[in-house]
Structure formats: structure tokens, C-alpha cells
Amino acid sequence: MPTSPDKLTANVEGIIEAPEGVLKITRINVHYNIQVPKGLVPAAERALSVFERGCPVAQTLKGAIAFTHTSTILETEDA
């Protein structure tokens with residue numbers, strides 16, 4: 001499944017709070033915009049459902065920062 005050029009983009013928002021009087025990033029919200037060839041929406045959904053387990057950043061920060069992942073998948077005619 002191709003991811004470039006411009007087939008995969010993300011909007012990322014970091015939430016900074018001071019729960020104990022010290023500023024820190026407490027949450028990261030990520031929204032993926034994905035374009036996939038016709039018929040591959042189920043495959044893209046499966047990949048998104050398990051990617052966090054294989055993401056080095058998510059695994060490194062697990063337990064320290066809450067992650068929210070959402071996505072919009074657009075089916076296209078091209079490959």
C-alpha cells in the first residue's frame with residue numbers, strides 16, 4: 001500500500017499541562033489522513049489497529065503520555 005507522495009499525512013496536537021506544578025506533555029492526539037487504492041480500506045484499518053505495538057515512539061512513551069489516534073481513510077481509484 002503506497003504511502004507517498006501525499007498518501008499519508010497526520011495532524012498532531014500535543015497537550016501541555018502542569019499536573020504537579022511543572023509543565024509537561026501529558027497527551028498527544030494524532031489524526032491520520034490516508035488515501036488508499038480501491039478495495040484496500042479494510043487492510044488500512046487493520047494496519048492502523050495494530051501499528052502502535054510496532055511504533056518505537058509509542059512504545060518508548062507508553063505509560064508517560066496518553067495517545068489518541070483517529071483516522072480518515074479515503075478510497076481512491078489510483079494505486
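This is a predicted model: local features need pLDDT of at least 70, side-chain atom pairs count only at pLDDT 80 or more; totals for chains, interfaces and linings use all residues.
A nonpolar core, as I use the term, is a set of buried residues such as Val, Leu and Ile, joined through side-chain atoms within 4.5 Å.

Start with the layout. There are 2 helices and 3 strands. Along the sequence, the pattern runs β-β-α-α-β. The radius of gyration is 15 Å, well over the 12 Å from the globule rule for 79 residues, so the protein is more spread out than a compact globule. Its C-alpha atoms fill a box of roughly 50 × 20 × 15 Å along the principal axes.

Now, the inside. Of the 79 residues, 18% are buried. So which residues make up the largest nonpolar core? Eight of them: Ile-28, Val-30, Tyr-32, Ile-34, Val-36, Val-41, Ala-44 and Ile-65. Two elements each give two or more residues to this core: strand S2, residues 24–37, and helix H1. S2 supplies the largest share, with 5 residues.

Take Ile-34 from that core. Beyond its neighbours within four places in sequence, Ile-34 is in contact with Lys-7, Leu-8, Leu-48, Ser-71, Thr-72, Ile-73 and Leu-74.

Leu-48 comes up again in H1. This helix covers residues 41–54, 14 residues in total. From first C-alpha to last, H1 reaches 20 Å, close to the expected 20 Å. Still, H1 has a kink of about 30 degrees, centred on Leu-48.

Back to the whole chain. Take contacts between residues at least 6 apart in sequence: 61% join residues at least 24 apart. Finally, the surface. The protein exposes about 5600 Å², and carbon and sulfur atoms supply 57% of that.

Definitions and conventions
Residues are numbered from 1 along each chain as its sequence is written. Side-chain values use heavy atoms; hydrogens and water are left out. Helices (H or I, at least four residues) and strands (E, at least two) are DSSP runs, numbered from the N terminus. The expected span of a helix is 1.5 Å times one less than its number of residues. The bend at a residue is the angle between axes fitted to the seven residues ending there and the seven starting there. The radius of gyration is taken over C-alpha atoms; the globule rule is 2.2 Å times the number of residues to the power 0.38. Buried means under 20% relative accessible area, exposed over 50%, partly exposed in between (1.4 Å probe, protein chains only). Contact means heavy atoms within 4.5 Å. Accessible areas come from the Shrake-Rupley method with a 1.4 Å probe; for residues, only the protein chains shown count as cover.
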